[in-house]
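Please read it alongside the sequence and the coordinates.

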Amino acid sequence: MSDASVVWFRRDLRVRDQPTFLAAAPSALGLFVLDPALLGPSGAARSTFLFRALRSLDESLGGRLLVVEGDPAEVVPRIAEAVGAGAVHVAADYGPYGTRRDEAVAKALADAGRELVRTGSPYAVAPGRIRKGDGDPYRVFTPFRRAWAEHGWRGPADTDASTVEWIDPADLDGVAIPDDEPVDAELPEATEDAALARWRAFLDDDVNDYSAARDRPDKPGTSRMSVYLKYGLVHPRTLLADLARRRSESAETYRTEIAWREFYADVLHQRPDSARENYDRSFDALPTASGAAARRAFEQWCDGRTGFPIVDAGMRQLREEAWMHNRVRMIVASFLVKDLHLPWWWGARHFMRLLVDGDLASNQHGWQWTAGSGTDASPYFRVFNPITQGEKFDPDGAYVRRYVPELRDVAGKAAHQPWTLPDGVPDGYPEPMVDHKAERLEALARFDLVKAAR
Ligand code: FAD
């Protein structure tokens, strides 16, 4: 075997702050595997963002990124053999599929006398590290967050593309990075430079107001870093290092949001079944709607035609931008579960199809939090009122008017209750599909069955 190794990129499509490079230097082949098992369910927005990010990474490596297609357990050992590499370097993956895939790849490599070397992960603290005194994982966020902050993390790794001498993949059988898939949404620029520029602009202009502005969907008060974190165009370590230099309430709030991302990754790592099942199994007793009427209601929700303006604005923002503001994600999720009585995983699946930042851990647990079945969940009996939520967080109705053209001429917060307008609901906009007060009571009655089953 030669001194060469392989750097297999997955959710870390960057050259700065890249500890795998330090482990792989001096010379390595840069590899990305187009894995049909992941690309299939990924949705056009995420696939397109990924392909663009790969083009940018390839450029950073001087056009030396090898892209191949197939099952990693078969492809990765074959490429390692072709370059005579003793080791394949990766950032560890803790998701349910990634864990299984990496075990299979490590075994196939070991069978040929090679090693899968895991250095770092997409998180400041790798899932599984933060434990209670008795060794059990945390099930509640606040103590996890405290232990996470006390545990601490390394500073950013000092790397760039020149840390490694990249092997020319010309003789290897690569494929072209696929063309963009047709996607209506305008996506953020998929480059590492754009990720860092976005972060710096947020630090300069918005971070000080973050605590107050983060709940306002009508304002650009959040960082929009989620897609960059998802694909590792920036590592959370870099963000945390910058935040450490700012002592303000808002910097602390932002750190807490990063901690939520880390918490949910930890929870999913401990309980891979929670990607599909209720984390709190007593919620299996909750009766949910099914059949043709339920499917029709679901379609109305997906199309943003529920007749509740804040819900419809959110669902249309999702289609137009492949992203939705966090406050509105909670409102539309609550509406699906507690007003329409549909299973949370219907909504979670729709989100995963459309979101450019769709991330299994944050998405499934964001949904379970709202549904009441997750860790640390918002209590089931707290049913979001889509009207008062709208009036509170979009006080002038500007967010609604931006995404719901039928309501563009409705001034101020009246946009949240168009059925109260003197001339009735404007043409083309639906009447409310349910009576929120009645459905809230229905949700509480259903919840009693969960309590009774405990
Ligand atoms: P900011 O407010 O600027 O937050 C900074 C970063 O902190 C985010 O980029 C994200 O990485 C992290 N973060 C913030 N809030 C949360 C949270 N509640 N849970 C986990 N991490 C958080 N986030 C995703 O990245 N992918 C998803 O698929 C996803 N699905 C969600 C589904 C539901 C039902 C809910 C309620 C939340 C979901 N979130 C998801 C969390 C959150 O809505 C997004 O991270 C956030 O809106 C992204 O925008 P931002 O980067 O501007 O956020």
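The secondary structure of the chain comprises 19 helices and 6 strands. The model is a predicted one.

**Overall dimensions and packing**

- The radius of gyration of the chain is 23 Å, which agrees with the value near 22 Å that a compact globule of 454 residues would have.
- Taken along the principal axes, the box filled by the C-alpha atoms of the chain is roughly 80 × 50 × 50 Å.
- Buried residues make up 44% of the 454 residues of the chain.
- Among contacts in the chain with a separation of 6 or more, 75% are between residues 24 or more positions apart.

**Strand pairing**

- V6 has V88 of strand 4 as its bridge partner.
- Strand 4 also pairs with strand 5, residues 115-118, in the parallel sense, and this pairing has 4 bridges.
- The bridge partner of V90 in strand 5 is R118.
- Helix 5, residues 96-111, belongs with strand 4 and strand 5 to a β-α-β unit, and this unit is right-handed.
- In general, side chains along a regular strand alternate between the two faces of the sheet.

**Backbone geometry in loops**

- A cis peptide bond leads from A25 to P26, with omega near 10°.
- P26 is located in the loop that lies between helix 1 (19-24) and strand 2 (27-34).
- D17, a residue other than glycine, has a positive phi near 50°.
- D17 belongs to the loop between strand 1 and helix 1.
- D17 counts as buried because 24 C-beta neighbours are found inside 10 Å, and the threshold for a buried residue is 20 or more.
- H341 is likewise a residue other than glycine with a positive phi, here near 60°.
- The loop that holds H341 lies between helix 14 (326-339) and helix 15 (344-354).
- H341 has 19 other C-beta atoms within 10 Å and is therefore partly exposed, since a buried residue requires 20 or more.

- G63 is placed in the loop between helix 3 (44-60) and strand 3 (65-69).
- With 11 other C-beta atoms within 10 Å, G63 is exposed, because the exposed class covers counts of 12 or fewer.
- Although G63 and W166 are 103 residues apart in sequence, their C-alpha atoms are 9.5 Å apart in space.

**Surroundings of the ligand**

- The ligand is surrounded by 27 residues, of which T222, S223, N326, N363 and G366 are the closest.
- At least two residues of the shell around the ligand come from each of helix 9 (226-230), helix 11 (249-270), helix 14 and helix 16 (360-371).
- By class, the residues of this shell are 10 nonpolar, 9 polar and 8 charged.

How values were computed
Residues are numbered from 1 along each chain as its sequence is written. This is a predicted model: local features need pLDDT of at least 70, side-chain atom pairs count only at pLDDT 80 or more; totals for chains, interfaces and linings use all residues. Two strands pair if DSSP finds at least two bridges between them. A crossover is right-handed if, with the strands pointing away from the viewer, the path from the first strand over the helix to the second runs clockwise. A residue is near a molecule or strand if its C-beta atom, placed from the backbone, lies within 6 Å of it. Ala, Val, Leu, Ile, Met, Phe, Trp, Tyr, Cys and Pro count as nonpolar, Asp, Glu, Lys and Arg as charged, and the others, Gly among them, as polar. The radius of gyration is taken over C-alpha atoms; the globule rule is 2.2 Å times the number of residues to the power 0.38. Two residues are in contact if their C-beta atoms, placed from the backbone, lie within 7 Å.
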